[in-house]
Amino acid sequence: MSLYAVKNNEGKYWDFEDPGFWKEAFCSKLYTLSENEAQDVAHDYGGHVVELLEAPAKVVVSEEEAEMLEGAKKQHNPAWYIGINVDGRPGTEDRLMRAYVNGWTVEKPKRFNVKVPKKWSGDDKHYWTKEQDGALTWAYLINNDYMIPAQQFTAAEIEHYGLGDCEKVVVTDSAKTTEEEDYD
């Protein structure tokens, strides 16, 4: 992803927040993420589009790492905070420092539908599902194809409910599932 600015022949930049060409130091918003928007401004008001830099990709982190990074934002010395809170695996501190600087996104945990063995249900089309109160119950496979996301389990939930020995179907997108033996 790139950032785009519009610069005129006097060396002034278009301000995308306070429209007009200004010296760089006086611009409230010097850039846009949309090349089309920059092209439109250059066409309508003059100047030429300048690609400022390639914006680095956000780093994918776990929920726990995201919480730690949020904590680092509140610190006087965030690098120190990250350094004392990493798990010690090689490269983790560097990856989390890049996440702090470039931004991060929280990984979505893999989700599963859990098949109940025939001996429990008498039919291989039953699946465990969660109810509102957190209890477990069984449900028929919807359309013989997929179950709604609220009925899907993370690996941690499978372990918590003691369903590790049951056959699992990993959810590969919002509508379909594929067979998978292991959830690690």
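Is E10 buried or exposed? I looked this up at the start of my notes on this predicted model. E10 is exposed, with a relative accessible area of 60%.

**Entry: the E10 pair.** I checked the partner of E10 next. K12 forms a salt bridge with E10, and their closest N and O atoms lie 3.9 Å apart. That pair qualifies because the cut-off is 4 Å. K12 is partly exposed, at 29% relative accessible area.

**Entry: salt bridge count.** I find four salt bridges by this rule. I looked at R95 with E65, where the closest N and O atoms are 2.5 Å apart. This pair links distant parts of the chain, with R95 in helix α4 and E65 in helix α2 (residues 63-73), 30 residues apart. E65 counts as buried, because its relative accessibility of 13% falls under the 20% limit.

**Entry: a pair inside α4.** I then turned to D94 and R98. They form a salt bridge, the closest N and O atoms being 3.4 Å apart. The two sit four residues apart in helix α4, so about one helical turn separates them. D94 is partly exposed at 48% relative accessibility. R98 is partly exposed too, at 39%.

**Entry: α3 against α4.** I looked up how these helices pack. The axes of α3 (residues 78-85) and α4 (residues 92-102) come within 10 Å and cross at roughly 145 degrees. The crossing is right-handed. From α3, I noted P78, A79, I82 and G83; they meet E93, L96, M97 and Y100 of α4. The residues of this contact divide into six nonpolar, one polar and one charged.

Technical notes:
Residues numbered from 1 in each chain as written. Predicted model: local features only at pLDDT ≥ 70, side-chain atom pairs only at ≥ 80, totals over all residues. Heavy atoms only, no water. Axes fitted to C-alpha atoms, helices over the stretch in contact; angles between N-to-C directions. Left-handed = near helix turned anticlockwise from the far one by under 90°. Contact = heavy atoms within 4.5 Å. Nonpolar A, V, L, I, M, F, W, Y, C, P; charged D, E, K, R; others polar. Salt bridge = Lys/Arg side-chain N within 4 Å of Asp/Glu carboxyl O. Buried < 20%, exposed > 50% of the residue type's maximum accessible area, 1.4 Å probe, protein only.
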